[in-house]
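Biologist: I am new to this structure. Please show it to me, and then let us take it piece by piece.

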Amino acid sequence: QVQLVESGGGSVQAGGSLRLSCAASGDRYSRNCMGWFRQAPGKEREGVATIDSDGSTRYADSVKGRFTISQDNAKNTLYLQMNSLKREDTAMYYCAADPRWWAGCRLVTSAFGTWGQGTQVTVSS
């Protein structure tokens, strides 16, 4: 089992920055691949970024060059640094772990089996 708790969300102006954190506990094998997803009201959950056990990362086209996913294994924490925020980045952001063995750490919700409760990010003009 793995448990995930997100933090760091808030309200910022367009062009600003936020750093999200995800504290993980439990089975380390369930953290071989971890990711960030987001969901805006009335829309489906979409992938933002993932990071593999070897440090390889994947990003949605909409956030490339602006967001950075990273992890600190010593602190059992996953991060998402968000720069140059836009109004369209407004969403509930979720941390994901427990990858499916067949998924290859892809940016799809079905690739993950465990989710945090989410942290809200609101970007205003």
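**Strands, disulfides and a pocket**

Biologist: Over how many bridges do β1 and β3 pair?
Modeller: These strands run antiparallel to each other. Strands (E, at least two residues) are DSSP runs, like helices (H or I, at least four), numbered from the N terminus. Two strands pair if DSSP finds at least two bridges between them. For β1 and β3, the count is six.

Biologist: What kind of model is this?
Modeller: Residues are numbered from 1 along each chain as its sequence is written, and side-chain values use heavy atoms, without hydrogens and water. Local features need pLDDT of at least 70, side-chain atom pairs count only at pLDDT 80 or more, and totals for chains, interfaces and linings use all residues, for this model is predicted.

Biologist: Which residue in β8 does alanine 23 stand opposite?
Modeller: β3 spans residues 18-26. It runs antiparallel to β8. The residue facing alanine 23 is threonine 77.

Biologist: Which residue in β8 does serine 70 stand opposite?
Modeller: This time the antiparallel pair is β7 and β8. β7 covers 67-72 and β8 covers 77-82. Across from serine 70 is tyrosine 79.

Biologist: How many disulfides are there?
Modeller: A disulfide is a covalent bond between the sulfur atoms of two cysteines. Here the rule is a pair of cysteine sulfur atoms within 2.5 Å. With bonded cysteines counted along the chain, the pattern is 1-3, 2-4. The count is two.

Biologist: How many residues apart in sequence are the parts tied together by cysteine 22 and cysteine 95?
Modeller: Their sulfurs are 2.1 Å apart, and a disulfide joins them. Cysteine 22 lies in β3 and cysteine 95 in β9 (residues 91-99), so the pair ties together parts whose separation in sequence is 73 residues.

Biologist: Is the link of cysteine 22 and cysteine 95 left-handed or right-handed?
Modeller: Both cysteine 22 and cysteine 95 are buried (under 20% relative accessible area; exposed is over 50%, partly exposed in between; 1.4 Å probe, protein chains only). The angle about their S-S bond is -75°. The link is left-handed.

Biologist: Why is the disulfide of cysteine 33 and cysteine 105 given a handedness, and which one?
Modeller: Their sulfur atoms are 1.9 Å apart. Cysteine 33 is in β4 (residues 33-39), while cysteine 105 is in the loop between β9 and β10 (112-115), 72 residues away. The torsion about the S-S bond is about 85°, so the disulfide is right-handed.

Biologist: Does cysteine 105 count as buried or exposed?
Modeller: Cysteine 33, its partner, is buried at 3% relative accessibility. Cysteine 105 has a positive phi of about 60° although it is not a glycine. Its relative accessibility is 4%, so cysteine 105 counts as buried.

Biologist: What is the phi of asparagine 76?
Modeller: Asparagine 76 is in the loop between β7 and β8. Its relative accessible area is 28%, so it is partly exposed. Asparagine 76 is not a glycine, yet its phi is positive, at about 50°.

Biologist: How far apart in space are threonine 109 and glycine 47?
Modeller: Threonine 109 lies in the loop between β9 and β10. At 34% relative accessibility, threonine 109 is partly exposed. It is 62 residues from glycine 47 in sequence, but C-alpha to C-alpha the distance is 7.0 Å.

Biologist: What volume does the largest pocket have?
Modeller: On a 1 Å grid over the protein atoms alone, a pocket is an open set of points where a 1.4 Å probe fits, with protein on both sides within 12 Å along at least five of seven lines. Points join across faces, edges and corners, and volume is the space filled by probe spheres set on them. The value is about 170 Å³.

Biologist: Which residues lie nearest the centre of the largest pocket?
Modeller: The lining (residues with an atom within 4 Å of a point) has 13 residues. β3, β7 and β8 each give two or more of them. Nearest the centre are Arg28, Arg31, Met34, Gln71 and Asn73.
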